[in-house]
Amino acid sequence: MALVEVQVPDIGDFDEVTVIELMVKVGDTVKAEQSLITVESDKASMEIPSSTAGVVKEMRIALGDKVKQGSVVLVVEATGAAAAPADVPATPAAAPAAAVAAPAPAIAPVAAAPVAAASGPVEVHVPDIGDFKDVVVIEVMVKPGDTIKVEQSLITVESDKASMEIPSSHAGVLKELKVKVGDTVNIGDLLAILEGTVAAAAPVAVAVAAAPAAPVAVASAPAAAPTPVAAAVAAVAAPAHAPGGTTLGLPHASPSVRKFARELGVPLAEVKGSGLKGRITEADVQAFTQAVMSGAAQTKAQAAKAPAASGGDGAALGLIPWPKVDFAKFGPIERKEMGRIKKISGANLLRNAIMIPAVTNHDDADITDLEAFRVSTNKENEKSGVKVTMLAFLIKACVSALKKYPEFNSSLDGDALVYKSYWHIGFAADTPNGLMVPVIRDCDKKGVLQISQEMGELAKKARDGKLGPAEMTGATFTISSLGGIGGKYFTPIINAPEVAILGVCKSTMEPVWDGKQFVPRLMLPLSLTWDHRVIDGAAAARFNAFLGQILSDFRRVLL
């Protein structure tokens with residue numbers, strides 16, 4: 001087997017296009033004609049295929065590099081002869097390519113010739129876009145009433161290998177658009193009707209005159225698989241919109257990623273790209289899909305269907321409709337759309353509140369000695385930068401209680417109860433975007449200092465909006481702490497599929513009878529909400545009592 005350098009083929013009238021996506025890596029087995037990289041100019045994006053089948057031994061380019069015809073993309077250990085479809089167009093393409101670039105004098109008279117001006121309706125057709133049939137309209141960039149310039153892009157079309165913008169051959173006011181997103185078009189199809197003083201575009205005439213080179217270059221290639229070479233030449237025949245022109249927000253992704261998203265039913269407009277210049281990669285589509293399936297995210301369509309906590313009409317539950325009120329007639333109002341996180345959490349909370357038969361037990365825990373120990377611990381570890389909170393002690397105490405009463409660390413699965421042998425504790429974090437629940441994993445294996453450190457890091461990521469789906473899933477029990485805000489007791493909503501949640505409020509100094517006299521003790525209010533399908537009242541009372549004992553004497557966690 002021989003090492004073969006795979007080079008950038010003839011990509012038409014493009015010089016030093018930018019590499020915006022790497023589609024293979026060292027060690028991958030590639031087939032002939034398999035796409036290796038995606039490149040992009042200011043006119044079009046296209047995928048560059050491999051001319052040889054084999055195993056990738058070395059990558060010669062990186063994201064952001066500039067490449068042109070002849071640049072070495074990678075080195076493969078060939079497993080067979082070079083692919084015929086890649087080689088065949090290379091030889092005949094040389095002469096036509098030269099014909100596009102070389103005979104400038106022959107084309108110049110066409111460009112210099114006076115062009116007749118006219119007034120009235122003018123039809124704009126799809127120009128010669130190379131050896132492509134039934135390309136899909138993926139973006140409409142203008143609307144009726146717009147003033148169109150010569151060569152301004154009207155639509156974007158896409159094949160399996162490339163996307164390109166189709167320009168207007170005339171100037172004028174757009175009176176009627178004949179295509180819409182999702183339509184398929186071919187050479188000569190009517191795109192739009194313009195009205196006004198218009199003039200045929202000389203540059204388009206030049207491009208069309210040069211365009212016959214494209215079918216020659218791919219004449220011997222399989223008709224069912226147009227190559228990126230043809231796409232590049234087609235893009236020359238279809239120049240992009242004028243500088244400064246704007247698009248209507250088409251997601252930034254390669255054709256293969258668009259196809260992958262369509263197969264999965266993923267709305268690309270809702271996916272955040274992590275690639276160069278915000279480009280959406282296949283990994284971004286996969287991550288979005290996983291987030292939606294895990295419940296960590298929702299598509300706009302799902303959010304629209306889900307009943308909001310305050311706006312669901314209750315029809316599915318047989319309830320009377322939600323009242324429709326014109327609040328403005330009673331006084332001044334301001335309407336603000338709810339944030340994405342609140343919409344998602346609102347739908348989940350409504351489901352949990354309705355479907356779970358929840359009961360709440362209220363109790364108090366004496367944390368006088370534990371608070372003194374916490375204060376002294378922070379003084380001793382002042383230089384470490386880790387501040388121990390009461391919540392960290394509470395997490396360790398809950399792990400001990402969950403081990404003693406394992407049904408609180410379980411989940412319902414149909415008619416079965418799933419007992420978990422791991423203890424991942426979620427804690428509610430208040431953020432500018434709404435309530436989020438980061439999860440600290442394996443709390444049984446971590447000390448209070450480590451839990452405090454992780455809690456601080458996760459809370460900061462939550463406030464900054466940088467929490468990933470994996471950091472908000474997998475909890476077996478949740479604690480909702482109002483901390484130093486205030487209040488006495490409340491009823492937290494269980495975070496399904498968990499079966500219990502603990503709410504805590506601000507601790508207060510209260511007089512407590514010790515058998516002889518009243519003494520001041522620091523008391524922490526506890527509110528334990530539990531799923532009555534899994535847990536009964538006696539078990540809940542024992543859980544709260546045991547938790548209170550641990551908090552009053554933290555040495556019990558060692559038992």
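**A colleague's note on this predicted model**

1. Met436 is buried, with a relative accessible area of 8%. Buried means under 20% relative accessible area, exposed means over 50%, and partly exposed is in between, using a 1.4 Å probe and protein chains only.

2. A word on the ground rules: this is a predicted model, in which local features need pLDDT of at least 70 and side-chain atom pairs count only at pLDDT 80 or more, while totals for chains, interfaces and linings use all residues. Residues are numbered from 1 along each chain as its sequence is written, and side-chain values use heavy atoms, with hydrogens and water left out.

3. What does Met436 touch? Not counting residues up to four places away in sequence, its partners are Ile341, Phe427, Ala428, Ala429, Thr431, Ala462, Leu467 and Met472, where contact means heavy atoms within 4.5 Å. Ile341 is 95 residues away along the chain, yet the C-alpha atoms of Met436 and Ile341 are separated by 8.0 Å.

4. Now for the whole chain. Its secondary structure comes to 14 helices and 29 strands, and 42% of its 559 residues count as buried. Among contacts with a separation of 6 or more, 65% are between residues 24 or more positions apart.

5. The largest nonpolar core has 53 residues, and Phe408, Phe477 and Leu502 touch the most other members. Such a core is a set of buried Ala, Val, Leu, Ile, Met, Phe, Trp, Tyr and Cys residues joined through side-chain atoms within 4.5 Å. Elements that each supply at least two residues include H12, helix H13 (448–463), strand S26 (477–481) and H14. The largest share, 11 residues, comes from H12.

6. Phe477 deserves a look of its own. Leaving aside neighbours within four places in sequence, Phe477 is in contact with residues including Cys398, Leu402, Phe408, Leu528 and Phe543.

7. How do H12 and H14 meet? The axes of H12 (residues 390–404) and H14 (residues 537–552) come within 9 Å and cross at roughly 135°. Axes are lines fitted to C-alpha atoms, for helices over the stretch in contact, and angles run from 0 to 180 degrees between N-to-C directions. The two helices are therefore oblique to each other; angles under 35 degrees count as roughly parallel, over 145 as roughly antiparallel, 65 to 115 as roughly perpendicular and the rest as oblique. Residues of H12 in this contact include Leu394, Cys398 and Leu402, and those of H14 include Phe543 and Leu547.

8. H12 also packs against H13, at an angle of about 120° and with axes 9 Å apart. That makes H12 oblique to H13. The contact is made by Leu391, Ala392, Phe393, Ile395 and Lys396 of H12 with Val448, Ile451, Ser452 and Met455 of H13.

9. Finally, some backbone details to visit. A cis peptide bond joins Ala496 and Pro497, with omega about 10°, and Pro497 is found in the loop between S26 and S27. Glu33 is not a glycine but has a positive phi of about 80°. Asp442, also not a glycine, has a positive phi of about 50° and is partly exposed, with a relative accessible area of 27%.

Key. Helices (H or I, at least four residues) and strands (E, at least two) are DSSP runs, numbered from the N terminus.
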